[in-house]
Amino acid sequence: MTKVNPEIESSWRLALSHEFESQYFSDLKAFLVEEKKKYMIYPIGKNIFKAFNLTPLDTVKVVIIGQDPYHGPGQAHGLCFSVQDGVALPPSLVNIFKELKSDLGIDKPQSGNLEKWAMQGVLLLNATLTVRDGQAASHQGKGWERFTDAAIKVISDQCQQVVFILWGNYAQAKAVLIDSNKHFILKGVHPSPLSANRGFFGCQHFSKANNLLKSAGKSEIDWLL
């Protein structure tokens with residue numbers, strides 16, 4: 001059976017210890033146990049906290065916030081917008097790569113696996129960390145948002161000069177958790193085909209993020225996959 005409380009990287013476990021010990025998180029785990037009895041849940045247990053495991057708290061330089069994991073077989077692996085090797089690129093990710101080409105001249109990669117970004121300090125955080133097969137938003141409102149909001153607040157409180165990239169209204173609503181006096185916030189249209197033509201294309205958030213990191217004396221992200 002897939003675990004619902006896999007190991008999380010030590011710096012995050014310490015920073016979020018209050019969340020793990022809270023009643024809402026116990027309720028969330030109980031919900032996931034029951035869900036697993038009836039449905040296929042994505043991502044698999046060992047990947048639920050992959051964003052945290054690949055990007056320890058003290059390495060966070062950029063945060064990209066998504067909403068839900070992909071709900072198709074084989075897609076989700078714990079990083080927002082990312083898919084596993086060999087999986088067809090979802091439409092939003094296709095548009096992200098189009099903007100990357102326009103902004104930095106980087107050609108569309110063969111794989112939509114964004115782990116290379118994560119390992120450089122790009123926290124690819126979905127607000128909800130699990131989903132039921134074939135049912136988008138099926139695990140919203142069960143406690144994950146409270147947990148990931150706490151993670152965003154930890155970054156705001158404990159880190160310095162992080163670039164937060166907020167695409168779409170849902171992600172932009174998280175701006176209230178971020179101290180804009182300490183951090184950089186880039187807001188833009190969601191890369192979904194439903195909205196990308198209304199301002200996502202041409203946002204240049206990849207080059208802007210690197211310019212902001214450089215201004216803060218930090219190394220830039222190599223966005224080439």
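**Cysteines.** I began with disulfides (a pair of cysteine sulfur atoms within 2.5 Å) and counted 0. Cys80 is in none, and the nearest cysteine sulfur, that of Cys203, lies 14 Å away. I then looked up burial (buried is under 20% relative accessible area, exposed over 50%, partly exposed in between, with a 1.4 Å probe and protein chains only). Cys80 is buried at 0%, and Cys203 also counts as buried, at 8% relative accessibility.

**A note on the model.** This is a predicted model, in which local features need pLDDT of at least 70 and side-chain atom pairs count only at pLDDT 80 or more, while totals for chains, interfaces and linings use all residues. Residues are numbered from 1 along each chain as its sequence is written, and side-chain values use heavy atoms, with hydrogens and water left out.

**Helix H5.** Helices here are DSSP runs of H or I with at least four residues, strands are runs of E with at least two, and both are numbered from the N terminus. I take the expected span as 1.5 Å times one less than the number of residues. Among its buried residues I noted Leu93, Ile96, Phe97 and Leu100. Their cover, by contact (heavy atoms within 4.5 Å), includes helix H6, strand S5 and helix H9. Gly105 follows H5 with a positive phi, near 75 degrees.

**Helix H7.** I checked residues 144-158 next: the 15 residues reach 21 Å from first C-alpha to last, close to the 21 Å expected. Its buried residues include Trp144, Phe147, Ala151 and Ile155.
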